[in-house]
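Hi everyone, thanks for making time for this.

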Amino acid sequence: MRDAYYSPLVVQTAVDLANTLRPIKGEDALETVQQLRDFLDDHPAAEPPSSAANQGAGPRHLTRADLAEVRALRETVREVLERANTDPVEAAALINDGLRRSRATPVLRHEDDRWWTEVTSDTDRRSAHLAATTLSALASVIATLGPARLGVCAGPTCRATFVDLSRNGSKQYCTRTCSHRASVAAYRSRRSPR
């Protein structure tokens, strides 16, 4: 499905944005303008459609103000992912407020005999476009699959976020690594003499 409302790439962009902050480890991968530029380069779904047409037009000019706006967005996205399962009404309020602030606008697009909708911002600010796309993608997941599909890793030493787009919707860990660690810890706990 190429609909940006539910594109797995846009959903993953939202998760990756939230996970640039690792609160338990005390790591922040979004402290500098260069780190922001690297994040945007690694996530083409974050690029406004008008910018995609101008690829090769030179490097994006990003400022500390852009960084501050994206860091504020990260806080909102992370809060939505953390709260959706336990307080979906508050998560919806956060999404709606973020969409209003980013001046989100749905757009109908056509390419190669296909039509799809995309949510973008009516401003040229990258942070506004990133907010419009990521928050609308999370809203779509909540509306189509339910708020329980958004969550925080159950690993005791991990607070990474995830969105579960699987068929059965039983994801509890951000990665297989965290799932494996939990399995090993549970096995060792069962095997240890009491």
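Predicted model: local features only at pLDDT ≥ 70, side-chain atom pairs only at ≥ 80, totals over all residues.

Setting aside residues up to four places away in sequence, Ala14 touches Val77, Leu81, Thr134 and Leu138. Ala14 belongs to helix 1. Is Ala14 buried or exposed? With a relative accessibility of 0%, Ala14 counts as buried.

Now let's step back and look at the whole chain. The protein chain has seven helices and six strands. If you follow the elements from the N terminus on, they run α-β-β-α-α-α-α-β-β-α-β-β-α. The chain has 194 residues, and 41% of them count as buried. Here is another number for the chain as a whole: take the contacts between residues at least 6 apart in sequence, and 59% of them join residues at least 24 apart.

Back to helix 1, where we started. Which residues of helix 1 are buried? They are Val10, Val11, Thr13, Ala14, Val15, Leu17 and Ala18. The cover over these buried residues includes strand 1 (21-22), helix 2, helix 4, helix 6 and strand 6 (161-163).

Let's pick out helix 4 from that list. Helix 1 and helix 4 pack with their axes 8 Å apart, at an angle of about 105°. The two helices are therefore roughly perpendicular to each other. On the helix 1 side, Ala14, Val15, Leu17 and Ala18 take part, and they meet Val70, Leu73, Arg74, Val77, Arg78 and Leu81 in helix 4. Sorted by class, this contact of helix 1 with helix 4 has eight nonpolar residues, no polar ones and two charged ones.

In soluble globular proteins, nonpolar side chains tend to be buried together. So where is that in our model? The largest nonpolar core has 32 residues, and the members that touch the most others are Leu17, Val77, Leu138, Leu150 and Val163. Several helices each supply at least two residues of this core: helix 1 (8-18), helix 2 (33-42), helix 4 (64-83), helix 5 (88-101) and helix 6 (126-145). There is another core apart from this one, with seven residues, among them Cys153, Ala160, Cys174 and Cys178.

Let's zoom in on Leu150 for a moment. What does Leu150 contact, leaving aside its neighbours within four places in sequence? The list is Val80, Leu81, Ala84, Asn85, Leu138, Val141, Ile142, Phe162 and Val163.

By class, the contact of helix 4 with helix 5 has five nonpolar residues, one polar residue and four charged residues.

One of those residues, Arg101, deserves a word of its own. Arg101 lies in helix 5. Arg101 is exposed, with a relative accessible area of 52%. The C-alpha atoms of Arg101 and Ala131 are 8.7 Å from each other, and these two residues are 30 residues apart along the chain.

Finally, let's visit two loops. Arg103 sits in the loop between helix 5 and strand 3 (104-111). Arg103 is not a glycine, and yet it has a positive phi of about 55°. With a relative accessible area of 44%, Arg103 is partly exposed. In the loop between strand 3 and strand 4 (114-121) we find Asp112. What is the phi of Asp112, which is not a glycine either? It is positive, at about 50°. Asp112 has 66% relative accessibility and counts as exposed.

Key
Residues numbered from 1 in each chain as written. Heavy atoms only, no water. Core = buried A, V, L, I, M, F, W, Y, C linked by side-chain atoms within 4.5 Å. Buried < 20%, exposed > 50% of the residue type's maximum accessible area, 1.4 Å probe, protein only. Helix = DSSP H or I, 4+ residues; strand = E, 2+ residues; numbered from the N terminus. Contact = heavy atoms within 4.5 Å. Nonpolar A, V, L, I, M, F, W, Y, C, P; charged D, E, K, R; others polar. Axes fitted to C-alpha atoms, helices over the stretch in contact; angles between N-to-C directions. Parallel < 35°, antiparallel > 145°, perpendicular 65-115°, else oblique.
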